[in-house]
Each structure stands twice: as C-alpha cells, then as structure tokens.
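Me: I've got a structure open here and want to talk through its core and its charged pairs. Can you walk me through it?

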Amino acid sequence: MCLAHEGQPYGHLSDKIGALTEAFMASRCVMSIAKFRVALAELKEHGRVDDSGECLYIKRLVDDGDIRKRRAEGGSKSQ
C-alpha cells in the first residue's frame, strides 16, 4: 500500500519510468520473490489489488485520489 501511495499516478504500483518489478516490490517488502507472488495472488483473489494490464493498482487508493482531487478543485472555486 505504501508503494501505491508513492506511485505515479497515485494508487498505482508504478513510477515515472513504468511499472514496478516484482523483484523491487519484494525487496521493499523484505521478502523473497516467491513469497511476494503468493501474497500478491492472495491480494488479487480478495480484490485488494487489480491489474490494469500495464501495472498493478489499488482501486481504493485510486478512488480516494480522485475524490481528493475533486475536493481540492471545488475548494479553489469556492473562494
């Protein structure tokens, strides 16, 4: 979740260069790639992580980011 929070765009497991690799994400989670794949499969199974085809993303964070953006735009218009 922390990686998606730092993602570009917000909520995606990617950066300016592109999708994060499994090896990178596993190292950031301090686990082997094999354990990471098992954990990722479980997250996908329970609908916590989705795959856009290009990269993984967390729908809840993407939705929260959209709401935050709309509220920020509304706040500037109300002044």
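Predicted model: local features only at pLDDT ≥ 70, side-chain atom pairs only at ≥ 80, totals over all residues.

Me: Fine. Which residues make up the largest nonpolar core?

Reply: That core has twelve residues. They are Leu3, Ala4, Leu13, Leu20, Met25, Ala26, Phe36, Leu40, Val49, Leu56, Ile58 and Leu61.

Me: And which elements give two or more residues to this core?

Reply: Those are α1 (2–5), α2 (22–28) and α3 (33–45). As a general point, nonpolar side chains in soluble globular proteins tend to be buried together.

Me: Let's zoom in on Phe36. What does Phe36 touch?

Reply: Leaving out residues up to four places away in sequence, Phe36 touches Glu22, Met25, Ala26, Cys29 and Met31. Met25 and Ala26 are also listed in the core, along with Phe36 itself.

Me: Switching to charges. How many salt bridges does a search of the whole structure find?

Reply: Four. One of them joins the side chains of Glu22 and Arg37, at 2.6 Å from N to O.

Me: What does the Glu22 and Arg37 pair tie together?

Reply: Glu22 lies in helix α2 and Arg37 in helix α3, so the pair links parts that are 15 residues apart in sequence. Glu22 is the residue that Phe36 touches, too.

Me: How exposed are Glu22 and Arg37?

Reply: Glu22 is partly exposed at 29% relative accessibility. Arg37 also counts as partly exposed, with a relative accessible area of 48%.

Me: OK, on to α4. Which lysine does Asp63 meet in a salt bridge?

Reply: Lys59, with 3.0 Å from N to O. Asp63 is partly exposed at 31% relative accessibility, and Lys59 is partly exposed at 44%.

Me: What about Asp64, which residue does it form a salt bridge with?

Reply: Arg60, and the closest N and O atoms are 3.5 Å apart. Both residues lie in helix α4, four residues apart, which is about one turn of the helix.

Me: Why does Arg60 count as exposed while Asp64 is called partly exposed?

Reply: It comes down to a cut-off: exposed means over 50% relative accessible area. Arg60 has 60%, so it counts as exposed. Asp64 has 32%, so it is partly exposed.

Terms used
Residues numbered from 1 in each chain as written. Heavy atoms only, no water. Core = buried A, V, L, I, M, F, W, Y, C linked by side-chain atoms within 4.5 Å. Buried < 20%, exposed > 50% of the residue type's maximum accessible area, 1.4 Å probe, protein only. Contact = heavy atoms within 4.5 Å.
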